Amino acid sequence: MGERPVILVLLGPPGAGKGTQGERLVRRIAVDHVSTGDLFRDAVTAGSPAGLRAESYLHSGQLVPDQVVLQVIEEYLGVARGRDTCFDGFPRTRNQAEKLDDLLKQFNLAVTAVIYFNVPDDVALTRLLSRGREDDTEETARYRLQVYHEDTAPLIDYYRDAGVLIEVDGSGGVEPVAQRVWTALKNAIR
Ligand code: AMP
């Protein structure tokens, strides 16, 4: 990879495969994997202040308030100091995306590419209900998809307009999707 740090964003509905594909990608290109969902789940388990603030949101499938999310991201960027990074599940609102751009600018960085995993709701829902996480009851899963469409899906156009969107068909098995991601991404990160 070149000299400029690579900043990737994985975008798509819950159940799109961001976590699974993110794991593979970070092994392949050795970038930090920053999953805000994982960070919040860890914080809840640890009972830390951020965890206490986030717990009811995670449980109900609502978004954690932007302010709390952005604090976590700001702390990360301060420590990472321009390491190659793959954000997974962040940003999730237009405000988060704009603040991320501002923060990155302060570190003389910018989003390199956004991988948008396009999967129909029925595929996402089937995947969510088969993985059995605590926030994956049918009611919560459906609600999280609704939140995605209302708050997060507008980021597709936001990043398309910025010229960094890479759309990948996220349906099907892990291997073919990983192959599609890699084919689409390798030119963008040279
Ligand atoms: P995930 O593991 O990405 O599906 O996230 C699980 C839960 O964590 C979400 O349903 C939200 O409650 C919370 N969460 C994770 N990332 C964010 C974010 N960027 N903004 C707001 N809430 C988030």
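In which segment does proline 5 lie? Proline 5 is placed in the segment before strand 1, where helices (H or I, at least four residues) and strands (E, at least two) are DSSP runs numbered from the N terminus. The structure is a predicted model, in which local features need pLDDT of at least 70 and side-chain atom pairs count only at pLDDT 80 or more, whereas totals for chains, interfaces and linings use all residues. Residues are numbered from 1 along each chain as its sequence is written, and side-chain values use heavy atoms, with hydrogens and water left out.

Not counting residues up to four places away in sequence, proline 5 touches Gly82, Arg83, Asp84, Leu109 and Thr112, contact being defined as heavy atoms within 4.5 Å.

The largest nonpolar core has 34 residues, of which Phe87, Leu100 and Tyr159 touch the most other members. A nonpolar core is a set of buried Ala, Val, Leu, Ile, Met, Phe, Trp, Tyr and Cys residues joined through side-chain atoms within 4.5 Å, and buried means under 20% relative accessible area, exposed over 50% and partly exposed in between, with a 1.4 Å probe and protein chains only. Two or more residues of this core come from each of strand 1 (7–11), helix 3 (49–60), helix 4 (66–80), helix 5 (94–106), strand 4 (113–118) and helix 8 (154–161). Helix 4 gives the most, with eight residues. Leaving aside neighbours within four places in sequence, leucine 100 is in contact with Val9, Ile73, Leu77, Phe87, Phe90, Pro91, Val111 and Tyr159. Another core, of 25 residues, lies apart from the largest one and includes Leu8, Ile115, Phe117 and Ala124. In soluble globular proteins, nonpolar side chains tend to be buried together.

Leucine 70 is likewise placed in helix 4 and counts as buried, because its relative accessibility is 10%. Beyond residues up to four places away in sequence, leucine 70 touches Phe90, Asn95, Gln96 and Lys99. The C-alpha atoms of leucine 70 and leucine 103, which are 33 residues apart along the chain, are separated by 9.5 Å.

A search of the whole structure finds three aromatic pairs, for which rings of Phe, Tyr and Trp (its six-membered ring) must have centres within 6.5 Å, with planes under 30 degrees apart counted as stacked, over 60 as edge-to-face and the rest as tilted. The ring centres of tyrosine 76 and phenylalanine 87 are 6.0 Å apart and the planes stand at 85 degrees, so this pair is edge-to-face. The pair links distant parts of the chain, since tyrosine 76 is in helix 4 and phenylalanine 87 is in strand 3 (residues 85–88), 11 residues apart. Tyrosine 76 is buried, with a relative accessible area of 15%, and phenylalanine 87 counts as buried at 0%. Tyr76, Phe87 and Phe90 form one aromatic cluster.Threonine 85 is found in strand 3 and is buried, with a relative accessible area of 0%. Not counting residues up to four places away in sequence, threonine 85 touches Val6, Ile7, Leu8, Val31, Asp32, Val34 and Tyr76.

Some backbone features fall in loops. The peptide bond from phenylalanine 90 to proline 91 is cis, with omega near -5 degrees, and proline 91 is found in the loop between strand 3 and helix 5. Alanine 30, in the loop between helix 1 and strand 2 (32–35), has a positive phi of about 50 degrees although it is not a glycine, and counts as exposed at 62% relative accessibility. Asparagine 108, in the loop between helix 5 and strand 4, has a positive phi of about 60 degrees although it is not a glycine, and counts as exposed at 60% relative accessibility.

The largest pocket has a volume of about 860 Å³. On a 1 Å grid over the protein atoms alone, a pocket is an open set of points where a 1.4 Å probe fits, with protein on both sides within 12 Å along at least five of seven lines, and lining residues have an atom within 4 Å of a point. Of the 46 residues that line this pocket, Lys18, Arg92, Arg131, Arg133 and Arg144 are the closest to its centre. The lining divides into 18 nonpolar, 17 polar and 11 charged residues. At least two lining residues are supplied by each of strand 1, helix 1 (18–29), helix 2 (36–46), helix 3, helix 6 (121–131), helix 7 (138–152) and helix 9 (174–185).

Methods: Points joined across faces, edges and corners; volume = space filled by probe spheres on them. Nonpolar A, V, L, I, M, F, W, Y, C, P; charged D, E, K, R; others polar.
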